[in-house]
Amino acid sequence: MRQARNARILYGLSLALFGALMFVVFFGSYIMPHYVDRDHRLLYDTVIVDGMKRSVAAPFPPSSEFWLGTDHRGYDILSLLLNGAKYTIGFALAVTVLRFLIAVPLGLLSGATGKGRSVLTTLHLVTSSVPPLLFIFPTMYGLHRVLPPEQRDKILVVLLVVFGIFQIAHQFADRAAHTSERLFITAARMMGASTRRITFVHLWPHLRPELLYAFLTELVQVLFLFGQLAVVYVFIGGGETFEIADATPFSKAVTIDLTRVGEWGGMIAYGTTVLKQYPWIILSAGTFFTAAVLILIFFAKQLQRRLAEPYLFPSRPLTEDGPRLAWIGVTALACLLLLIVGVDKKPPHYEDGYVSKANQTRN
Amino acid sequence: MRIIKALLIGVLILIGILLISNINRGFETFEQDKIRVYTKVNMKLADVVAAHPETAVVDADQRVPRLVSIPYGEAGKWLPIFRQDKRVAGADTIPLKTHFSMKKYTYEIQSQVKQLLNGNFGHLIYTAYRPTDPPREVPINPQLGKMVARTLSYLVPGLALGLLLGYALSCLAAWKQKVGRVLDAFHAVLLGLPDFFVVVLLQMLGILLAKAMGHNVYNIMQFGDEVPFLIPFLAIAILPGAILYGTLRLAVQREWDEGYIKTAHAKGLSRTQVLYTHILRNTAHDLLAVLPRAVSVAVTSLVVAEVMCAIIGLGGYSVDRRLAGTTALPATCAILAAFVMVTHLLVAVLKRRLVVHTKEGA
């Protein structure tokens, strides 16, 4: 009894946290405390040092106005991270969905028919024996010089998808092969069912419950890979170049790449570059990233438990479950209200090739 | 047969790294077999070209010929030759709209294979001190030995610590149930921590400790010959250790609850004896099953830690701020991949030797 109550509480908590994460993903730009554009940045501030007024340049540490501080351009980091959630999680979701769309049918057909199993196993071994970072990093490093960000992003998607397909396909092929040995499949085959019908009508319903858990686990793996790639300056969407110090006859200009939209990978890459001087940047980006990963892992774990021990989670059909319906209704209404009344503060699109500088005119 | 298959997979991985990491070289931004040469007044291009039998004038029918054909992919060699000729005012490449060329890709792959077979692993291209100077190209070969030694100096001990921690803590968790529950919770959090964040936390701890104690406690970045050891060492140990703990915790608990362990205790064997003679031996299969994944995670953590601590090792040198670029990345990534594959091979051999197969005969 107590075990069932604890299980339900934990599942409810994980669902609430997952809902909160999805809320940030979909409505992040509506709950940003500050605008992220050139008219609303704080490039300079005045502080009093030893009784003297001094002008100091961004980035500024966390304060009551900027809870997580600002970056070199004077943009609020919390706003950037809230806006960037949809790009990072959305991109990770897109990669995971693409992996599954290709891998699951491939795995099911291979498992059900036995065709191409050895090829699939070999490709699985090739792509999983070595960390994908060792394949993707040198490729993107080389492409950085020859291709613009949009084309690089496309190649990054292809690489991220390809290096995940075979592992998922192999996993589902194993499960399909295992289920194919059961009597009802043999019966269906003897009755003249086609391979396609056996795969998608008979096998698929048995593997569907595992799919959501496998999907969430894969999403976490993709996010982990994003984090690793960010550290080596590979992230989606490119960014704008910010000049920290002007070029002199003796040295080149010191520049850093900053994300325009607050994509978490870009923020992590930027934060690692200035870790010693401005630690709040990487700590903020890292905390957001880690929190998202932990929420997804927690939700996946509770979901797995729910699927494995359904007797612990007695539930009524949605139409008969008043409290659940009320929660869904209130949440939907709140989201709708936010869309109508709230202000979308997403950053504007600036022209390419713009290089902002630390010594620009004060705003 | 299995050894041949393993070797084949190893070769496929190395070929894969070579092919994929050189995709950028397949993009053409200028003509590969032609250059534009401007002669001085009263000088004929045909006379200039006559000194070099491998080259020829392409547009001889034009009033002022400019185009010279050169051997494919050798613009870098021929431009300085023509520029140094006193009869030539200037020489340049012919720009093209960037596109992928299979011919160039094949040519570049062949060149790289030849280079690698000659023992040339690529170059480090350093940014010049003055903006007007060209970047300096330095071969990586003399540095490579030091880089490998530096990387292995924390990779091997880190992995060993991870292994030791995984085993020791899983035994402790099975032995003391309350400690086990705490360790399980800690393990769940650790598995959710991205490797870069572990390194960030260790670096922040280093900064805070240095501030509190008034002196450097441990290095958080490479400065000259002072290479951080503790951060990469711990970063490599923690995540693989957590993975090993997760698997071994279940395996040790499974064996701990077995009847033969209770019999061993009843016969008078001490806990240590039971651990050494029964549990470690019977969980070897689980350890060997998860070890390859732990090694992969360790190598990834190594790259992340080296990059974040600015260590000039196999994984971190490429993002050094002083570097304008490098051509050695495929080779160094292949070395790291080879390390992973060697451990896989060792694990396969150990599996054959150590694991007791209990499959019943027909």
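Begin by selecting B:Arg249, which counts as buried because its relative accessibility is 12%, below the 20% limit for that class. The model on display is a predicted one.

**Second stop: helices H8 and H11 of chain B**

Next select B:Arg254 and B:Asp286. These residues form a salt bridge whose closest N and O atoms are 3.0 Å apart. The pair links distant parts of the chain: B:Asp286 sits in helix H11 of chain B and B:Arg254 in helix H8 of chain B, 32 residues apart. B:Asp286 counts as buried because its relative accessibility is 16%. B:Arg254, at 36% relative accessibility, counts as partly exposed.

Now move to A:Asp71, A:Arg73 and A:Glu240. Salt bridges that share partners join these residues into one network.

Remain in chain A and select A:Glu218 together with A:Arg99. A salt bridge connects the two residues, the closest N and O atoms being 2.5 Å apart. A:Glu218 lies in helix H7 of chain A (residues 195–231), while A:Arg99 lies in helix H2 of chain A (residues 77–113); the pair links parts of the chain that are 119 residues apart. Both A:Glu218 and A:Arg99 are buried. Over all chains, the count of salt bridges comes to 17.

Select the whole of chain A and display its secondary structure. The chain has 10 helices and 5 strands. Its C-alpha atoms fill a box of roughly 90 × 55 × 35 Å, taken along the principal axes. Chain A has 363 residues, of which 46% are buried. Among its contacts between residues at least 6 apart in sequence, 73% join residues at least 24 apart.

**Last stop: where chain B meets chain A**

Finally, show both chains and select the residues of each that touch the other. On the chain B side there are 49 residues in contact with 50 residues of chain A.

How much area do chain B and chain A bury between them? The figure is about 4300 Å², with 78% of it on carbon and sulfur atoms. On the chain B side, the elements that give two or more residues to the part touching chain A are helix H1 (2–21), helix H6 (177–192), helix H7 (195–213), helix H11 (284–308), strand S7 (323–326) and helix H12 (329–354). The residues on this side divide into 33 nonpolar, 13 polar and 3 charged.

How many salt bridges are counted between chain B and chain A? The count is 0. Polar contacts, by comparison, are present between chain B and chain A: 8 residue pairs are counted, both residues at pLDDT 80 or more.

Definitions and conventions
Residues are numbered from 1 along each chain as its sequence is written. Chains are lettered from A and ligands numbered from 1 in the order in which they are written. This is a predicted model: local features need pLDDT of at least 70, side-chain atom pairs count only at pLDDT 80 or more; totals for chains, interfaces and linings use all residues. Side-chain values use heavy atoms; hydrogens and water are left out. Contact means heavy atoms within 4.5 Å. Buried area is the accessible area (1.4 Å probe) that two parts lose on being put together, summed over both. A salt bridge is a side-chain nitrogen of Lys or Arg within 4 Å of a carboxyl oxygen of Asp or Glu. A polar contact is a pair of N or O atoms within 3.5 Å; within protein, one must be able to donate a hydrogen and the other to accept it, and residues adjacent in sequence count only if both atoms are side-chain atoms. Helices (H or I, at least four residues) and strands (E, at least two) are DSSP runs, numbered from the N terminus. Ala, Val, Leu, Ile, Met, Phe, Trp, Tyr, Cys and Pro count as nonpolar, Asp, Glu, Lys and Arg as charged, and the others, Gly among them, as polar. Buried means under 20% relative accessible area, exposed over 50%, partly exposed in between (1.4 Å probe, protein chains only).
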